[in-house]
Amino acid sequence: MVKELKNPCHQIEKAREDLIQELSQNMHLYGISESVGRLYGTVLFAHEPVTLDEMSQSLGMSKTSMSTGMRVLSEANMVEKAWKKGVRKDLYQPVDDWYKSFSTTFVKRWKVSVVNNLQAVHEMRDALLDIEQHQELNATEYTAVKADLHTLEQAEKYYNWLSEVTELFESGQIFELIPKK
């Protein structure tokens with residue numbers, strides 16, 4: 001049986017599509033939708049700046065959706081506008097520093113999470129301390145309050161640590177500890 005020869009261009013395109021599909025499915029980690037992830041993959045593998053019109057033909061998305069998606073990707077430091085002599089339309093290209101993209105996106109999400117979770121920890125702690133001070137508790141209730149306060153203390157330590165980790169990313173000091181490759 002003769003092995004069928006495949007067109008290398010089709011194989012390259014298939015390999016790109018497979019990776020773009022995987023990237024887009026995992027963009028939720030960045031708080032980015034799958035369709036915007038596909039948009040990013042298209043820009044990433046264009047290997048030269050592209051216009052919204054070019055991406056629209058490739059993806060079948062409306063220019064409005066793509067414009068919104070490019071704004072999301074730009075805010076995440078994943079794409080940037082480019083300039084090319086003689087081209088009047090906006091051109092987009094991927095940002096070369098993937099580490100900065102990661103840092104920007106995750107720091108923003110971690111900070112929100114840390115603030116919200118610390119607030120919830122403090123509110124629960126205040127409620128438990130109020131219960132402990134103003135209500136008569138039996139032994140079981142007292143033990144439950146003390147156990148919960150201990151858990152909250154551990155949670156607060158963790159969220160304070162996570163805040164320090166985000167500061168390492170935000171300041172760029174993380175790259176002194178773990179250099180970029």
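**Entry 1**

Helices here are DSSP runs of H or I with at least four residues, strands are E runs of at least two, and both are numbered from the N terminus. A reminder to myself: this is a predicted model, where local features need pLDDT of at least 70 and side-chain atom pairs count only at pLDDT 80 or more, while totals for chains, interfaces and linings use all residues. Residues are numbered from 1 along each chain as its sequence is written, and side-chain values use heavy atoms, with hydrogens and water left out.

I then looked up the angle: the axes of α1 and α2 cross at roughly 140° and come within 8 Å. Axes are lines fitted to C-alpha atoms, for helices over the stretch in contact, with angles from 0 to 180 degrees between N-to-C directions. The two helices are therefore oblique to each other (under 35 degrees counts as roughly parallel, over 145 as roughly antiparallel, 65 to 115 as roughly perpendicular, and the rest as oblique).

Which residues in α1 and α2 meet? On the α1 side I found Glu17, Ile20, Gln21, Leu23, Ser24 and Gln25, and on the α2 side Glu34, Gly37, Arg38, Gly41, Thr42 and Leu44; contact means heavy atoms within 4.5 Å. This contact has three nonpolar, six polar and three charged residues. For these classes, Ala, Val, Leu, Ile, Met, Phe, Trp, Tyr, Cys and Pro are nonpolar, Asp, Glu, Lys and Arg are charged, and the others, Gly among them, are polar.

**Entry 2: α2 and α3**

Next I followed α2 to α3, where the axes lie 11 Å apart at an angle of about 115°. α2 and α3 are therefore roughly perpendicular to each other. Here too I noted a right-handed crossing. Arg38, Leu39, Thr42 and Val43 of α2 meet Met55, Ser58 and Leu59 of α3. I sorted this contact into four nonpolar, two polar and one charged.

**Entry 3: α5 and α6**

I moved on to α5 (98-134) and α6 (residues 139-171), whose axes come within 9 Å and cross at roughly 160°. That makes α5 roughly antiparallel to α6. Their crossing is left-handed. The contact of α5 with α6 holds 18 nonpolar, six polar and seven charged residues.

**Entry 4: the pockets**

How much space lies in the largest pocket? I read about 240 Å³. A pocket is an open set of points on a 1 Å grid over the protein atoms alone, where a 1.4 Å probe fits, with protein on both sides within 12 Å along at least five of seven lines; lining residues have an atom within 4 Å of a point. Its lining has 14 residues, with Glu13, Ile20, Thr42, Phe45 and Ser58 nearest the centre. α1 (8-26), α2 (34-44) and α3 (52-59) each supply at least two of the lining residues. I also noted six nonpolar, three polar and five charged residues in this lining.

The second largest pocket has about 210 Å³; a volume is the space filled by probe spheres set on the points, which are joined across faces, edges and corners. Among the residues lining this second pocket I found Tyr30, Tyr40, Met78 and Trp98. α5 gives the most to this lining, with three residues. By class I noted seven nonpolar, two polar and no charged residues.

Methods
A crossing is left-handed if the near helix is turned anticlockwise from the far one by less than a right angle, and right-handed if clockwise.
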